[in-house]
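We'll take a short walk through a few spots together.

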Amino acid sequence: MKQRVLSGVRSTGNLHLGNYFGAIKNFLEMQENYECYFFIANLHALTTHPDPELLKKSVRATLVEYIACGLDPEKSTIYVQSDLPEISELYALLNMLAYKGELEKCTSFKEKIKKHKENINAGLLTYPVLMAADILIHRAHKVPVGKDQEQHLEMTRNFALRFNHLYGVNFFPEPEAFDMSGHLVKIPGLDGSGKMGKSESEGNAIFLREDADLIRKKVMRAKTDTGPTQPNQQKPDEIKNLFTLMNLVSKKETLQFFEDAYNNCTIRYGDFKKQLAEDIIQFTNPFKEKISALENDTKYINNIAESGAEKARVSAAKTLDAVHEIMGLKSIWK
Ligand code: AMP
């Protein structure tokens, strides 16, 4: 039997290079050999209270971008999270097994409450429980995600084990965070911060559908230092980040050329960034073309979402039915 794979992206904007290299690239490889479920996490997006029309638009954009990246509805089950009410019910049930202390200790919660002091809602606190429900609803084994999700996966395993232990069953597998390369990745942003993200500072992320001129502007504005003064000097973080991006999108010889230039202190950051911008444009061009073509094909996109939800609900209903049985929520009046 094929192992089951589950992953998703929040519909909080467009896909960026961090999403692509941290998650989507793995989806593409995994859909060849695993039973894959890929979804668009619109319930997770609700913690920040998005405008309903904008939220719908984001869901559609993410689905279009999934397909433009190469996700294949013939090979993978692709659906929108809110089309499966089973997930919300499992979330409610798993909440009974999640403790306030462990949720408050979660790094992403601590970071978010620092950033959004005015909106510390319960959905933010129980975010890892909803994520566990996303994964456990299909009893998935592998979860292709970036390094930022490692702790959430650990929490999912805790909830799964706690459920199995409390009810004396061996029902939920212990899912693992996964990357085809063997280690989870974190793609850096352009602002010198550690992570490319949709909600980081303006100019931090490069989106797959980004216009070439904007890519040039963002890369040219990326933070650099005054340059190396000693041969083979260690790179400061903001420079290391740009090299990491070049390693993803440029030819090996190009990367080597600039590595050598850095190491012998002849690097000119202007040239380095110009080359990086052009290579990012080259890399993202094919996605842009596919995105524009798919955006006009509303019928095809609607069809993928509808048939994906139908397929995913079969698996979700099976899990939820068994959970009802295990927890004593069925056959009460017999
Ligand atoms: P999000 O956009 O936060 O919903 O993330 C969707 C997926 O992309 C998750 O698997 C994340 O781990 C991954 N991801 C997001 N940003 C990055 C990044 N900068 N580096 C690596 N993976 C990322």
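What follows is a tour of some aromatic pairs, a loop residue and a charged patch.

Keep in mind that this is a predicted model. Let's begin with the aromatics: searching the whole structure turns up 16 aromatic pairs. Take Y20 and F287 as one of them: their ring centres sit 5.2 Å apart with the planes at 55°, so this pair counts as tilted. Planes have to be over 60 degrees apart to count as edge-to-face, and under 30 to count as stacked. Now look at where the two partners come from. Y20 belongs to helix α1 (residues 17-30) while F287 belongs to helix α12 (residues 269-295), so the pair ties together parts that lie 267 residues apart in sequence. Y20 and F287 are both buried. Elsewhere in the chain, F243, F257, F258, Y262 and F272 are joined into a cluster by ring pairs.

Next, go to the loop that runs between β1 (4-10) and α1, where you'll find T12. Is T12 buried or partly exposed? Its relative accessibility is 34%, so T12 counts as partly exposed, given that buried would need a value under 20%.

Last stop, the charges. K105, K110, K114 and K117 form a positive surface patch. One of these, K110, sits in helix α5 (residues 107-115). With a relative accessibility of 44%, K110 counts as partly exposed, because exposed is kept for residues over 50%.

Technical notes
Residues are numbered from 1 along each chain as its sequence is written. This is a predicted model: local features need pLDDT of at least 70, side-chain atom pairs count only at pLDDT 80 or more; totals for chains, interfaces and linings use all residues. Side-chain values use heavy atoms; hydrogens and water are left out. Patches are made of residues with over 30% relative accessible area and no salt bridge: like charges are joined within 9 Å, nonpolar side chains (Val, Leu, Ile, Met, Phe, Trp, Tyr) within 5 Å. Accessible areas come from the Shrake-Rupley method with a 1.4 Å probe; for residues, only the protein chains shown count as cover. A salt bridge is a side-chain nitrogen of Lys or Arg within 4 Å of a carboxyl oxygen of Asp or Glu. Lys and Arg count as positive and Asp and Glu as negative; His and the chain ends are not counted. The place of a charge is taken as NZ of Lys, CZ of Arg, CG of Asp or CD of Glu. Helices (H or I, at least four residues) and strands (E, at least two) are DSSP runs, numbered from the N terminus. Buried means under 20% relative accessible area, exposed over 50%, partly exposed in between (1.4 Å probe, protein chains only). Rings of Phe, Tyr and Trp (its six-membered ring) pair if their centres lie within 6.5 Å; planes under 30 degrees apart count as stacked, over 60 as edge-to-face and the rest as tilted.
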